[in-house]
Amino acid sequence: MNIPSQQWAINYLKSQGDLSSHFLPEIIQSVPWSEVTRFETTKGFVYLKKTPSALSLEPNVIKILSEKYPTEVPVIIAFNKELNCFLMRDSGVPLRQFFQAGFQSEFLYQAIKIYTAMQLSAIDNLNAFIEIGVPDWRLEKLPELYRYYIAHEELLISDGLTPNELEKLRQLQSEVTRLC
């Protein structure tokens with residue numbers, strides 16, 4: 001549990017008059033790259049996302065994306081650069097949770113379509129992302145990144161991959177390089 005970031009969130013929500021009487025923080029996700037805590041407020045749920053400093057660019061990326069896709073990205077309420085955390089409004093059911101109830105190909109197709117449109121439009125704003133420190137992971141760099149990440153077995157398994165899936169990713173390494 002990350003007490004300083006939670007205390008910052010509570011103080012912020014209180015200052016806005018948004019904290020409900022049932023505000024007990026509930027950690028809903030804790031993985032190596034983030035911790036998400038839910039707070040009940042008078043305006044619905046608010047989520048605190050805490051990331052390692054290497055991933056603390058997320059609120060800045062969301063800000064750039066929100067200028068073009070305001071309904072497709074989370075609404076950032078506040079952020080704390082020193083604590084590498086930010087507060088966001090409820091954006092609905094996370095995709096992982098949605099698909100746990102059963103796979104729906106049409107819904108996945110629509111999500112991929114939106115994500116692809118966002119990626120393609122980001123090409124026109126590439127410098128804005130690089131200027132805020134987003135890593136340059138363009139196509140020519142993907143084979144090296146692929147090798148790097150599949151070598152981090154513990155991280156991938158903690159994210160839900162099985163040893164068999166990890167082995168399949170290793171087997172696909174030359175195909176990924178060829179395709180890139």
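## A walk through a predicted chain

V31 stands opposite S34 in β2. Residues are numbered from 1 along each chain as its sequence is written, and side-chain values use heavy atoms, with hydrogens and water left out.

**The strands**

Two strands count as paired if DSSP finds at least two bridges between them. By that rule, strand β1 (residues 26–31) pairs with β2 in the antiparallel sense, over five bridges. A hairpin with two residues in it links β1 to β2.

Which strand pairs with β2 over seven bridges? That's strand β3 (residues 44–50), again in the antiparallel sense. T37 has L48 in β3 as its bridge partner, and two residues sit between β2 and β3 in their hairpin.

So is strand β2 mostly covered or open? Buried means under 20% relative accessible area, exposed means over 50%, and partly exposed is in between (1.4 Å probe, protein chains only). Strand β2 (residues 34–41) is mostly covered, with six of its eight residues buried.

**The whole chain**

Zooming out, the chain has nine helices and five strands. Along the sequence they follow the pattern α-β-β-β-α-β-β-α-α-α-α-α-α-α. The C-alpha atoms fill a box of roughly 55 × 35 × 35 Å, taken along the principal axes. Of the chain's 180 residues, 26% count as buried.

**The nonpolar core**

A nonpolar core is a set of buried Ala, Val, Leu, Ile, Met, Phe, Trp, Tyr and Cys residues joined through side-chain atoms within 4.5 Å. The largest one has 12 residues in all, among them V36, Y47, I62, F86 and M88. The elements giving two or more residues to this core are α2, β5 (85–89) and α4. The largest share, three residues, comes from α2.

**Empty space**

Rolling a probe the size of a water molecule over the atoms shows where empty space is left. The search runs on a 1 Å grid over the protein atoms alone: a cavity is a set of points where a 1.4 Å probe fits but cannot get out, a pocket is an open set with protein on both sides within 12 Å along at least five of seven lines, and lining residues have an atom within 4 Å of a point. Grid points are joined across faces, edges and corners, and a volume is the space filled by probe spheres set on the points.

How many cavities of 30 Å³ or more does the whole structure hold? The search finds one. For the residue classes in the table, Ala, Val, Leu, Ile, Met, Phe, Trp, Tyr, Cys and Pro count as nonpolar, Asp, Glu, Lys and Arg as charged, and the others, Gly among them, as polar.

| Space | Volume | Lining by class |
|---|---|---|
| Largest cavity | about 40 Å³ | six nonpolar, two polar, one charged residues |
| Second largest pocket | about 150 Å³ | four nonpolar, four polar, one charged residues |

The largest cavity is lined by residues including I64, L65, Y69, M118 and F129. Both α2 and α4 (105–123) supply at least two residues of that lining. For the second largest pocket, the lining includes S56, F79, N84 and C85. Here α2 (58–68) and β4 (76–80) are the elements that give two or more residues.

**A few single residues**

N84 lies in the loop between β4 and β5. Its phi is near 55°, a positive value in a residue other than glycine. N84 counts as buried because its relative accessible area is 16%.

Q100 is found in helix α3 (residues 95–100). With a relative accessible area of 68%, Q100 is exposed. Q100 and I76 are 24 residues apart in sequence and 26 Å apart in space, C-alpha to C-alpha.

Finally, the cysteines. A disulfide is a covalent bond between the sulfur atoms of two cysteines. Counting a disulfide as a pair of cysteine sulfur atoms within 2.5 Å, the total comes to zero. C85 is buried, at 2% relative accessible area, while C180 counts as partly exposed, at 33%.

Key. This is a predicted model: local features need pLDDT of at least 70, side-chain atom pairs count only at pLDDT 80 or more; totals for chains, interfaces and linings use all residues. Helices (H or I, at least four residues) and strands (E, at least two) are DSSP runs, numbered from the N terminus.
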